[in-house]
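Morning, everyone. Please have a look at the structure first.

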Amino acid sequence: DYIAGLYYLDRNFDRKGVINALAIFPFAAHTNNRDFSEEAESWAAFGQATWNISDTVRVTGGIRYSDEQKDGSNDQLLTVIDSDESLQEAQPAIYDFVAGNFGTPDFSYDDSRSEDNWDPMFNVQWNFSDSGMVYTSWTKASKGGGFNANENNGSLDNFSFDPEHAESYELGAKMDFMDSRARL
């Protein structure tokens, strides 16, 4: 028994935000304009095969290769309220107060990431009776990193996050009881 396949993703994500800051310090009223975008392209090839060694013993192996490319950009501009005029240029003292006390300076940066992963799996199952089976498996998995759309302090170090990797070992059994009305 076998299965094989291909996967492809081409995704664009854009998030724009405008916040009018009026309440806390009326003299420092301003508009916070945020613009985040991420373009991602990924593809994967995978395959899995089960060898039925006998009527009661099966061995399964599989592998997935994935390749992911991401480009992200993050921009923030503080402006005079109800205007496109830069707060930093029009009212530098208010800009310094807001950026310094609330950690929201003007910024603009881009970043890219490229990742590829090999994720294998292996499984052995033995049906020791018509109503019971034991198995063991080993799997590695990965999830690509990306970009933090909520980063608003102008820190490139906080903009990107790393990929995740996991490895799983499993040993288990499944048994039916009471004429297949209960399962453990």
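**Salt bridges, pair by pair**

Let me start with Arg183. Its relative accessible area is 58%, so Arg183 counts as exposed, the cut-off being over 50%. One reminder: this is a predicted model.

What does Arg183 meet in a salt bridge? Its partner is Asp176, with N to O at 2.8 Å.

Now the total. How many salt bridges does the structure hold? The count is 5. I'll go through two others.

Take Glu38 and Arg11. They form a salt bridge, and their closest N and O atoms are 2.6 Å apart. Where do the two residues sit? Arg11 is in strand S1, residues 2–21. Glu38 is in strand S2, residues 30–52. So the bridge ties together parts that lie 27 residues apart in sequence.

Is Glu38 buried or exposed? Buried, at 7% relative accessibility. The limit for that class is under 20%. Arg11 has 28% relative accessibility, so Arg11 counts as partly exposed.

Next, Lys16 and Asp35. Their side chains meet in a salt bridge, 3.1 Å from N to O. Again the pair links distant parts of the chain: Lys16 belongs to strand S1 and Asp35 to strand S2, 19 residues apart.

And accessibility here? Lys16 is exposed, at 66% relative accessibility. Asp35 comes out at 27%, which means partly exposed.

To recap the strands: Arg11 in S1 bridges to Glu38 in S2, and Lys16 in S1 bridges to Asp35 in S2. Thanks.

Conventions
Residues are numbered from 1 along each chain as its sequence is written. This is a predicted model: local features need pLDDT of at least 70, side-chain atom pairs count only at pLDDT 80 or more; totals for chains, interfaces and linings use all residues. Side-chain values use heavy atoms; hydrogens and water are left out. A salt bridge is a side-chain nitrogen of Lys or Arg within 4 Å of a carboxyl oxygen of Asp or Glu. Helices (H or I, at least four residues) and strands (E, at least two) are DSSP runs, numbered from the N terminus. Buried means under 20% relative accessible area, exposed over 50%, partly exposed in between (1.4 Å probe, protein chains only).
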